[in-house]
Amino acid sequence: MRQVGAGRMKQALVDDTEDVCLDFGNEEELAFRKAKIRHPLATFFHLFFRVSAIVTYVCCDWFSKSFVGCFVTVLLLLSFDFWSVKNVTGRLLVGLRWWNQIDEDGKSHWVFEARKVSSQHVTATEAEARIFWLGLIICPVIWILFFFSALFSLKLKWLALVIAGISLQAANLYGYILCKMGGESDISKVAASFLSQTVFQTADSSSEAEMA
C-alpha cells in the first residue's frame, strides 16, 4: 500500500511539474514595451516640425509683417515634417512605412508595410507609439480649425497655406492608418477598425494601471 501511495504521489508531482510553463520572454517583452523612450531624437523631431509650423502660423504676425516670409517659413516646416514623419519617425517609432512606386508599365502603386513583431524583435515602446499617434492625429485637426478660422475671418490669403498643411499632414495620417490596418483601401472600414482598436488598447492600459 505504501508503495502504491508513493507511486501515486510521485505521478502527481510529475503532472504538476509538466503543467508549469515559465515564459520569461513574455515578461521581458512586456517590460520592454513599457520602458521609456528608446529613440529620443526621432521622437523629438516627430513633434518639432509640426508644432513649430503651428506656432509660427499663429505667432507670425507678432514676429514679422512679411506675409511671404511667414508663408515660406511655415511651408518649409510642413515639408520637413512630412518628409521626416514619412521616412524616419514612422519606421523607428511604430515600425510602419508607406511609399509610392512606379512599375514597368508606368502605373503608380501605393505600398503600405508594417514590421512583423516577434518575441526577439519588439518594434517600439508604448510611450513612443502613443506620442507618434497623438501627434499624427491632433495636428491635422488643429489645421482644420485654422481653415475654418481663416475662412470665417475672411483671411483668404492664408487659405492656401492652411490647405497645404491639411493636405501634407492628412496624407501621412491616412498612409499610416492604412499601414496599421494592413493596406485596406475602404476608408470607412479603416477608420472604424482603427478607432475601435485604439479604444480597446486605451481601456486595457487603464485597467492594467488600476491593477498595478
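1. The buried residues of α4 pack against α3, β1 (96-102), α5 and α6. Helices here are DSSP runs of H or I with at least four residues, strands are runs of E with at least two, and both are numbered from the N terminus. The buried set in α4 is Cys70, Val74, Leu77, Leu78, Asp81, Ser84, Val85, Lys86, Thr89, Gly90 and Leu93. Buried means under 20% relative accessible area, exposed over 50%, and partly exposed in between (1.4 Å probe, protein chains only).

2. A word on the basis. This is a predicted model, in which local features need pLDDT of at least 70 and side-chain atom pairs count only at pLDDT 80 or more, while totals for chains, interfaces and linings use all residues. Residues are numbered from 1 along each chain as its sequence is written, and side-chain values use heavy atoms, leaving out hydrogens and water.

3. Overall layout. The protein has seven helices and two strands. From the N terminus the order is α-α-α-α-β-β-α-α-α. Of its 212 residues, 28% are buried. Among contacts (heavy atoms within 4.5 Å) with a separation of 6 or more, 69% join residues 24 or more positions apart.

4. The α4 helix itself. α4 bends by about 50° at Val85. The bend is the angle between axes fitted to the seven residues ending at a residue and the seven starting there. Val85 is also one of the buried residues of α4. Just after the helix, Gly95 takes a positive phi of about 70°.

5. α3 against α4. Their axes come within 8 Å and cross at roughly 160°. Axes are lines fitted to C-alpha atoms, for helices over the stretch in contact, and angles run from 0 to 180 degrees between N-to-C directions. The two helices are therefore roughly antiparallel; the cut-offs are under 35 degrees for roughly parallel, over 145 for roughly antiparallel, 65 to 115 for roughly perpendicular, and oblique for the rest. The crossing is left-handed, a term for a near helix turned anticlockwise from the far one by less than a right angle, with clockwise being right-handed. Contact residues include Phe49, Ala53, Thr56 and Tyr57 of α3 and Val74, Leu77, Asp81 and Val85 of α4.

6. α4 against α5. Here the angle is about 150° and the axes lie 12 Å apart. That makes α4 roughly antiparallel to α5. This crossing, too, is left-handed. From α4 come Val74, Leu78, Val85, Thr89, Gly90 and Leu93; from α5 come Glu128, Ala129, Phe132, Leu136 and Trp143.

7. The cores. A nonpolar core is a set of buried Ala, Val, Leu, Ile, Met, Phe, Trp, Tyr and Cys residues joined through side-chain atoms within 4.5 Å. The largest has 17 residues, of which Tyr57, Val74 and Trp143 touch the most other members. At least two residues each come from α3 (40-63), α4 (67-93), α5 (126-152) and α6 (159-180). α3 gives the largest share, five residues. Beyond its neighbours within four places in sequence, Val74 contacts Ala53, Thr56, Tyr57, Trp143 and Leu161. Apart from this core lies another, of 15 residues, including Trp98, Phe132, Leu136 and Cys179.

8. One backbone point to check by eye. Leu154 has a positive phi of about 60° although it is not a glycine. Leu154 sits in the loop between α5 and α6. Is Leu154 buried or exposed? At 67% relative accessibility, Leu154 counts as exposed.
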